[in-house]
Amino acid sequence: MSVKIRLRRTGALSAACWRVVVADARSPRDGRFIENIGVYDPRHDSEKLNVERMEYWVSQGAQPSPTVQAIYNRVKNGKPFPARREPVKNAAPAPKAVKAVEEAPAAEVEAPAAE
């Protein structure tokens, strides 16, 4: 049996929250799992992980996903959650495209001939 440490999606339709679970590699993403060892909530910039249980499962041969490995490294080293880029407020709008207007050459007006 191949065991993976991966994320399991929870939360509402547009408000995802993730649980860090130990699961059989053959089970679906949100399906059956062996143990729940943490939480990852990107909306509230929080992540909690039971480091002792993570290390136990890795010693038993479980393979963490790349995202879980990154969470583990941050939690173990005490690094803060990475800050999200905030959209720039009150930024000047992009300049509108201006059509180049070509001026037609002025027509030469001939003066009437004086007779």
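Visitor: Which residue in E4 is the bridge partner of Val-39?

Guide: In this predicted model, Val-39 has Lys-48 in E4 as its bridge partner.

Visitor: What makes strand E3 and E4 a pair?

Guide: Two strands pair if at least two bridges are found between them, and strand E3, residues 35-41, is joined to E4 by 4 bridges in the antiparallel sense, so the two strands meet the criterion. In the hairpin that they form, 4 residues lie between the strands, and Asp-45 takes a positive phi near 50°.

Visitor: Which residues make up the covered face of strand E4, and which the uncovered one?

Guide: Within strand E4, residues 46-49, Glu-47 and Leu-49 belong to the covered face, whereas Ser-46 and Lys-48 belong to the uncovered one.

Visitor: Why are E4 and strand E5 called edge strands?

Guide: The open sheet has 5 strands in the order E4-E3-E2-E1-E5, with mixed pairing, and E4 and strand E5 (63-64) are its edge strands, in that each pairs on one side only. For E5 the partner is strand E1, residues 3-12, which runs parallel to E5 and is joined to it by 2 bridges; the criterion is at least two, so E1 and E5 count as a pair. Ile-5 stands opposite Pro-64 in E5.

Conventions. Residues numbered from 1 in each chain as written. Predicted model: local features only at pLDDT ≥ 70, side-chain atom pairs only at ≥ 80, totals over all residues. Heavy atoms only, no water. Buried < 20%, exposed > 50% of the residue type's maximum accessible area, 1.4 Å probe, protein only.
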